[in-house]
Amino acid sequence: MAPTVAPYGEWKSPIDVTFITSSTATQSNLRKNETTGDLFWAEINKDTNGRQTIQHRSNATGITTELTPEPFIARTRVHEYGGAVFSLGSDFVVSSNDADCRLYKIDVATKEATPLTPENKDWRYADVEVHPSEKFLICVREDHTVDTPQTVVNTLVIVRLDTKEPNVEVLVEGADFYSAPRFNPIQPTEFAYYSWNHPFMTWDHTQLYYGHLEISGEKVKVASQILLGGADKTQEESINQPRFAADGTLYFINDKTGFWNLYSYKAGKEVQLVLQEPLQAEFQGPAWVFGARSYYPLKSDPTKIAASYIKDGLSHLAIIDTKTKTLKEVPLDFQVITSVYASTSGQDDTLLLGVGSYNVPFQTINYNLRTNQYDIIMKSSAAEVPNGFVSNPEPLTFKTTGNLDAYALYYPPTNADYVAPEGTLPPLRVLSHGGPTGAFESNLNWNINYFTSRGFGVVAVNYGGSTNYGREYRSRLRTKWGIVDVDDCCNAATYLVQRGDVDPEKLAIVGGSAGGYSTLACLAFKDVFKAGVSHYGIGDLETLAKDTHKFELLYPESLIGPYPAAKALYRERSPLYSADKITCACAFFQGAKDKVVPPNQAEMMVSALKERGLPVAYVLFEEEAHGFRIPKNVKAALQGEVTFLGRIFGFTPFDAVPIDIINEDAIGK
C-alpha cells in the first residue's frame, strides 16, 4: 500500500502517549548475589505510578517479586538527584525509604523491613556500602536539620547492622560532599572514598581518600590519607568511581590527562595509569547521581577489567589487561552502554551490561566473554519496537562560533505510513540537554520518536560544555553559559536549514531544567526560533543563585561568575530580564514540588510574556518535582507540547488535546 500523503506534524503514529507510558519501565542499580545468583534492581513501571521499587529475581525459581510494597518508596533525595538507593548483604537488602527518609534492612526471604536509622525526616541517606563483616555499613548522610543550602551538612556515617536499636555515628566530616565509600575485600579495615568542596562539582575537582578503620567492638574510628586531588585549585582533576578488585587493588577514574581514564593504586605504591598511554576517550559520564558503574574488575582475574568508554559519541566495550597495559575491544552491537558488572557463569566470565541503541530499548544482558554471546535478562520495554517508525540519528559535526566544531544527533521524520506533500519541509525541534554538564547519546528515545513519527525533525545538540568529548570541550561553558550553548543550538538549526532538511519558518527550541534555560536564552538573545517549550527551565539566573539546593549552590559560579560580585552578569544573561526581546510563542511545563528549579522560575517568565501579549501556555503538575514521573503527567506534557507546536505552526496533530494558550489571538501576528 502506498504511503498516505499528509502534512508534516499530522501523521498518525503507533508511538502515542499510552504506548510510551504503558510499555516502558525505568530500571537501575542492578546487583547480583554471587552466592545465590539472585538479581536485584530498582524499577519504576506503569503499575507503580512513579513510585520506585526494589525487584528481586530468584535464580532458583526465575520468579520476580517486589521487596518494597507500598507505602515503601525506594528512593533517596541526597543531592536531590539521589541514585544508589540500595545495597546488598548476604541475605538482605539495605534501602532508603523516601516516605520517611530512613534506612531499612529488608530480609529477602520474608520481606520484613527493619529500620536501621532513627525517625528523622531531616536525615537523608545514600550510597550504602555494607562491611564484609555485615556488622555495620558506611553511607552518605545529608542533614537538613537547618534546611538552607548553606547549612545542610554532608558526612560519611556508620550505621550498625548488629544492634536492636538504630545506631548512627559520624565517621568522616568536614568536606562539603562525599561519595562512593568502598571496602577493600582482602583488608576490610581499609576503604576508599572521594569528596569535594564548593565551588566545584564532581566533574571539576575532587579528592580521593584512602581510609583505615580502627574497630573496637561497636566503636569504629578512621584515619584517612589523601591520594589525589589536593588543595591546589590550579591543578583540577575529577576523580570518581573508586572500586577495589578481589586482589585489593584500588581502581578509579581520573581526567588529569584531559579525558576520564582508568588508574590503579596499591598501598605503599605509586598511582598508575592502567593503560600504557591515556586514551582520548571518556571512561565515564558526569556524576550527577550516586552509583555509576562504567567498569568492573573480572571475578576470575582481578588484573583484567571490563570497561565501557565513549569515543566520538558512541559507547565501546573493552577488556583491559593491567599487566600488559593493553586494551582489547569486545564485539557488541549496541551504541550505548549504561553500566558494567563482572560476574561468572560456571567457569566463564560474564558481564551484566545495561545496553541500548537507537532502535533497541534499554535492556540488561548477560554477556559471555568466552563465546561473545549474550542472553537478555530484562527489558525496559515490553512492547515491540514498531518497524518503520523509529528514526535513525545521524551524527553531526558542524561549525559554530569561532570556527570551532560542535556536535549533535539529527533524527529525521520517520513514518512508514506517510509522506509529506512534495515541496514541503518538516518542522524542527532543537533539543538542548539538561545539566548543563551532560550529553545526548544514541539510545532509543521514545519522546524523540513520538515527534519524528508525527513528521518532526529533531536535532539533539551536544553544545560546548557537554560531556563525552573530554575536559577541554566540557570547559567551553566555563563562565559562558547562555553564550556557547545558545550559539551552538542556533548554529545546529541554521546548519540543517542551510542543508535543506527543515522548514526555516517552523523552528522550535525545547529543553528541560538547564536545557530549559538554554531554550529561553535562545528566544531572548537570538532571532532564530519561532517557538519555544521549556520543561522546568530557568528564567532568572539570579533567583537560581539565591534559591537552589546545596549540591548546585555554587555551580552557577563556574558557569557564569561569582555571585553577588557578578550580579550584573547574572541579570544580563537571564531571559526574564530580556523578555522584551522575545518575539515568539512559548509553553512552560512545571512541577509544583520542584526544589531544583522552583515553580516561580516559570511563573515569572509566563507573567512577563503574558504582559507583552505573546502566546504563552503554562501547565503546572501539582504532584511532580524535578522531572515528570507520574504517567498521566508524562502524557499531558507530551500531548500538550505537540498540540502547542501544532497551533503555532499551523497543523493539527492527530492526538491533539485542549491546552490553554494565553494571548492565543496573537498567533501568527
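A salt bridge here is a side-chain nitrogen of Lys or Arg within 4 Å of a carboxyl oxygen of Asp or Glu. D348 and R370 meet that rule, with their closest N and O atoms 3.0 Å apart. The model is a predicted one.

Look first at where this pair sits. D348 belongs to strand β27 (residues 348–357), and R370 to the loop between β28 (360–368) and β29 (373–379), so the bridge ties together parts that are 22 residues apart in sequence. D348 has a relative accessible area of 15%, under the 20% limit, so D348 counts as buried. R370 reaches 61%, over the 50% limit, so R370 counts as exposed.

By the salt-bridge rule, the count comes to 26. Another of these joins E236 to R471, the closest N and O atoms being 3.3 Å apart. E236 lies in the loop between β17 (219–228) and β18, while R471 lies in helix α3 (residues 471–474), so this pair ties together parts that are 235 residues apart in sequence. E236 is partly exposed at 23% relative accessibility. R471 is buried at 15%.

Next, turn to E542 and R571. Their side chains meet in a salt bridge of 3.5 Å, N to O. The pair links distant parts of the chain: E542 is in helix α6 (residues 541–546) and R571 in helix α8 (residues 567–572), 29 residues apart. E542 is buried, at 4% relative accessibility. R571 is partly exposed, at 37%. Shared partners also build a network of salt bridges, made up of D204, E236, D255, E282, R471, R474 and R478.

R571 has a second contact. Its charged end sits over the ring of Y577, 3.9 Å from the ring centre.

Now the rings themselves. The whole structure holds 35 aromatic pairs. Y210 is buried at 2% relative accessibility. Y265 is buried too, at 7%.

F283 and Y309 form another pair. Their ring centres are 5.3 Å apart and their planes stand at 40 degrees, so the pair is tilted. F283 lies in the loop between β21 (272–273) and β22, and Y309 in strand β23 (residues 304–311), so the contact ties together parts that are 26 residues apart in sequence. F283 is buried at 1% relative accessibility, and Y309 is buried at 6%. Elsewhere, ring pairs link Y81, F177, Y194, W196, W203, W288, F551 and Y555 into a cluster.

Finally, consider open space. The second largest pocket has a volume of about 1100 Å³. Of its 33 lining residues, L88, E129, Y296, K299 and Y341 are the closest to the centre. Several strands contribute at least two lining residues each: β2 (26–32), β6 (86–88), β10 (123–130), β14 (177–183), β18 (239–244) and β22 (295–297). β10 gives the largest share, four residues. By type, the lining divides into 16 nonpolar, seven polar and ten charged residues.

Definitions and conventions: Residues numbered from 1 in each chain as written. Predicted model: local features only at pLDDT ≥ 70, side-chain atom pairs only at ≥ 80, totals over all residues. Heavy atoms only, no water. 1 Å grid on protein atoms, 1.4 Å probe; cavity = no way out; pocket = protein on both sides within 12 Å on 5 of 7 lines; lining within 4 Å. Points joined across faces, edges and corners; volume = space filled by probe spheres on them. Nonpolar A, V, L, I, M, F, W, Y, C, P; charged D, E, K, R; others polar. Phe/Tyr/Trp six-rings, centres within 6.5 Å; stacked < 30°, edge-to-face > 60°. Buried < 20%, exposed > 50% of the residue type's maximum accessible area, 1.4 Å probe, protein only. Lys NZ or Arg CZ within 6 Å of the ring centre and 35° of its normal.
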